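Have the sequence and the 3D view open side by side as you read.

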Amino acid sequence: MRHDACLKVLAIAMSLMPINSCTNLMPPPQPSVSQAPFGATPDGKTVSVYTLRNRNGMEARIITYGGVILSLKVPDRNGKPGDVVLGYDSLPAYLASSPYFGALIGRYGNRIARGRFTLDGRTYTLATNNGPNHLHGGLQGFDKVVWEAEPFTTPDSVGIIFRYTSTDGEEGYPGTLRAQVVYNLTNDNALMFDYTASTDKPTPVNLTQHSYFNLAGDGARDILGHVVRVNADRFTPVDSTLIPTGELRSVVGTPFDFRTAHAIGERIGRDDEQLRFGLGYDHNFVLNRTGVGRDLVLAAEVHEPTTGRVMEIFTTEPGLQFYSGNFLDGTLRGKGGVVYRQRYGFAMETQHFPDSPNQAAFPSTILRPGREYRSRTIYRFSVRP
Ligand code: BGC
């Protein structure tokens with residue numbers, strides 16, 4: 001049928017139908033991106049919020065402060081969208097205090113022991129902002145800076161290119177680091193992160209994304225019923241300050257064996273030294289890989305049985321920090337006034353192993369001039385009946 005004849009049939013059909021049936025005949029919406037102001041930082045930098053929509057009912061709202069994912073709407077098994085990440089409604093709340101809700105993490109995701117490392121014979125000192133250790137890039141890490149943003153749309157996806165240049169010596173790290181993170185929301189309901197960086201002096205780099213998920217929606221109850229699989233035969237046990245001991249320990253016979261599916265809450269209360277140190281799960285898993293390359297592998301899968309939502313995590317990284325939101329303690333009031341209590345959200349942070357700059361046997365996190373840092377992670381959403 002010719003296009004105009006088609007439209008005529010559509011118009012007649014629509015005039016015979018109740019209003020709400022019309023949407024069934026509409027072509028699916030195109031991916032779209034819009035921008036709006038979201039306030040300013042105390043030093044006067046304006047912050048924008050971008051709203052990304054794909055063709056299949058997913059919507060992500062992301063701000064230029066910290067590349068924070070404010071909200072992520074994902075359909076449940078009935079097609080009803082729900083917000084699956086924790087966070088705040090306004091910028092002042094993020095500026096006041098945030099346990100890295102939704103944020104980009106850099107230069108170094110997770111801990112560096114005692115805020116010190118030695119590189120090419122020189123010792124560098126970093127802020128100790130987590131007990132005796134350095135955490136998530138320091139006092140003003142990549143989660144607390146305003147990124148330049150460039151939105152884009154393609155027929156298959158919609159996204160933002162974030163750029164930030166970290167000056168030589170920032171937070172104690174050597175070298176000028178030019179970082180770029182591309183967020184891409186695809187029509188098949190995947191949120192993809194492509195990280196690249198270059199430096200003019202050797203420096204550690206370990207970038208990640210710190211969204212807290214609650215696939216039941218709205219962060220309104222704990223995540224203990226979520227069912228998790230992690231593609232890892234080993235994990236990196238930690239000391240009481242959450243620094244890896246250097247051992248790659250088998251998960252066999254431990255509460256860290258997620259090679260088959262287990263609810264987060266099933267074994268979290270066991271009398272286990274590692275669970276005591278982490279107050280629950282707060283551990284790096286050594287992802288199984290075949291071959292020597294850094295291909296994308298399925299790192300983990302999380303299923304929320306009441307809504308049917310499923311999140312799969314694919315990454316090129318060697319590790320995954322599974323954090324069960326143990327340090328949430330009911331003192332933070334998030335979106336819509338919801339109080340975030342212990343284990344109301346979990347994070348799945350793809351990464352190199354914690355404290356790698358001090359652990360020669362771990363895969364190296366040192367980026368050298370002339371080399372490019374590259375990393376990709378995908379969170380793909382679907383539903384089960
Ligand atoms: C760390 C936790 C920490 C959380 C929020 C996670 O990556 O492993 O120990 O509490 O981030 O800062």
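What is the volume of the largest pocket? It comes to about 710 Å³. Keep in mind that this is a predicted model.

**The largest pocket**

A total of 37 residues line the largest pocket, and the ones closest to its centre are S98, P99, Y100, D143 and K144. Two elements give two or more residues to that lining: α3, which runs over 91–96, and β24, which covers 319–323. The largest share comes from α3, with 3 residues. Sorted by class, the lining has 19 nonpolar, 10 polar and 8 charged residues.

**The ligand**

Where does the ligand sit? Look in the largest pocket. The ligand has 14 residues around it, and R111, H136, H210, D282 and E349 are the closest of these. By class, this shell is made up of 7 nonpolar, 4 polar and 3 charged residues.

For H136, an N or O atom of the side chain is 3.0 Å from an oxygen atom of the ligand. N110 has a polar side-chain atom 3.1 Å from a ligand oxygen. With Q321, the distance between a side-chain N or O atom and an oxygen atom of the ligand is 3.3 Å. How much of the ligand's accessible area does the protein cover? On its own the ligand has 310 Å² of accessible area, and the protein covers 95% of that.

**The second largest pocket**

At least two lining residues come from β28 (366–367), and at least two from β29 (373–383). By class, the lining divides into 4 nonpolar, 3 polar and 6 charged residues.

**The cavity**

Rolling a probe the size of a water molecule over the atoms shows where empty space is left. How many cavities of 30 Å³ or more does the structure hold? There is 1, and about 30 Å³ of space lies in the largest cavity. The residues lining it are G106, R107, G137, Q140, G141, F142, S166, E170, E171 and Y173. That lining has 2 nonpolar, 5 polar and 3 charged residues.

| Space | Volume |
|---|---|
| Largest pocket | about 710 Å³ |
| Largest cavity | about 30 Å³ |

Most residues other than glycine have a negative phi, and most peptide bonds are trans. Which two residues does a cis peptide bond join? They are G106 and R107, with omega at about -5°. Both G106 and R107 also turn up in the lining of the largest cavity. R107 itself is in the loop between β6 (103–105) and β7 (111–112).

You'll find R114 in the loop between β7 and β8, the latter spanning 116–119.

Notes: Residues numbered from 1 in each chain as written. Predicted model: local features only at pLDDT ≥ 70, side-chain atom pairs only at ≥ 80, totals over all residues. Heavy atoms only, no water. 1 Å grid on protein atoms, 1.4 Å probe; cavity = no way out; pocket = protein on both sides within 12 Å on 5 of 7 lines; lining within 4 Å. Points joined across faces, edges and corners; volume = space filled by probe spheres on them. Nonpolar A, V, L, I, M, F, W, Y, C, P; charged D, E, K, R; others polar. Near = heavy atom within 4 Å. Polar contact = N/O pair within 3.5 Å; in protein donor to acceptor, adjacent residues only side chain to side chain. Areas by Shrake-Rupley, 256 points an atom, 1.4 Å probe, with all protein chains shown as cover. Sits in = over half its atoms within 2 Å of the grid points. Helix = DSSP H or I, 4+ residues; strand = E, 2+ residues; numbered from the N terminus.
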